[in-house]
Structures are given as structure tokens and as C-alpha cells.
Amino acid sequence: MTIDLLKRAGWFVVFVLVQAVVLGRIHLFNCATPLFYVYFVTQFPRNYPKWGILLWSFLLGLMLDTFSNTPGLAAASLTVIAAIQPYYFELFVPRDSVDDLKPALSTLGPLKYSYYIIIMVLLYCLIFYSLELFTYFHWLQWAFCVGGSAAITHMLIFTFEIAKLNR
């Protein structure tokens, strides 16, 4: 249990630093930003306590909001995703699988994992950019931000998962 906690804390720090230092400064075509930290929330195993997922996600969002000057946007969006993640992940898990199954390309398969990640990332981007713009007068820019960020984040997550498979 403590090993898992230390690993998760290490990944937490890595995601905060990578997003704050590198990825948060990338804005392709002034609308698409890689939001790779969503991957952290999607990787909680099947039997992880729901309150733990909410706490980790809120703290990650709070740290990212602190470094990126977006007061409460990432914290609120990640908390919503964390509340949905355990129930949504159950839709892709076979009933006779182990209790501590982790969502990964190798455990779910390419198609199920792709559906799982696409919906989670798209939902996060919808919530995040809806809160950020807080208006639908510029709906075309909102749609480009949601679509572009979701696409680039999905590509980053899949690249990372494929690299994990090839290790």
C-alpha cells in the first residue's frame, strides 16, 4: 500500500511539473493545448477507493490551477472526471476480471481502451473549456479548443501507452 502511494505521489509530481513547465506553454493554433494530466485520473485501478480518486484529482487540479493561473478550472474539471471514472471504467471491465485491474492498453485492448480514453478526455475538455470561456457567443472557438485539445491529448496518451507496451 505504501509503495503504491509513493508511486502515485511520484507520478503526481511528474504530471504537475510536465504540465506546468512544458505542456502548459504549448498552444497549437491558439486553441489546442495538450492536457496530459488527465491520464493520471484515468489510471486508477478498479478497487481504488472513490474518495481517494476524488482527493488525488482535486489536489492535482489545485496544483495545476496554481501554476497555470486558472482559478479552480482544472480542480473542478478533474473532480468531475474523478467522480465519473470508477463507474465508467466498470463498463469496460469483464465481470470475471481481477479486482485490482488497471486501465491500460494491454489489459483492455485497443478498442475498449480507446473508447475509454476518448470519452474521458473529451468530457474533461468539454467541462474545462466551458468553464474557461463561460459563454457560448464564441462557440466556434470553444469547439476548436475542445476538439483540438482532446485530439492532441488523446494522441499523447496513446503514444505513452504504446511506449509502455514496448518496454
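Q: In this predicted model, how far does helix α1 reach from its first C-alpha to its last?
A: Helix α1 takes in residues 2-21, so 20 residues in total, and at 1.5 Å a residue you'd expect a span of 28 Å. The model comes out close to that, with a reach of 28 Å.

Q: Which residues of α1 are buried, and on how wide an arc around the axis do they sit?
A: The buried set is Arg8, Phe12, Phe15, Val16 and Gln19. In an α-helix, residues three or four places apart point the same way, because there are 3.6 residues a turn.

Q: How many helices and strands does the chain have?
A: Read from the N terminus, the elements go α-α-α-α-α-α-α. That tallies with a count of 7 helices and 0 strands.

Q: What is the radius of gyration of the chain, and does it agree or disagree with a compact globule?
A: The C-alpha atoms fill a box of roughly 50 × 30 × 30 Å along the principal axes. For 167 residues, a compact globule would have a radius of gyration near 15 Å, so the chain agrees with that at 16 Å.

Q: What share of the residues in the chain is buried?
A: Buried here means under 20% relative accessible area. By that cut-off, of the 167 residues in the chain, the buried share is 44%.

Technical notes
Residues numbered from 1 in each chain as written. Predicted model: local features only at pLDDT ≥ 70, side-chain atom pairs only at ≥ 80, totals over all residues. Heavy atoms only, no water. Helix = DSSP H or I, 4+ residues; strand = E, 2+ residues; numbered from the N terminus. Buried < 20%, exposed > 50% of the residue type's maximum accessible area, 1.4 Å probe, protein only. Rg over C-alpha atoms; globule rule 2.2 N^0.38 Å.
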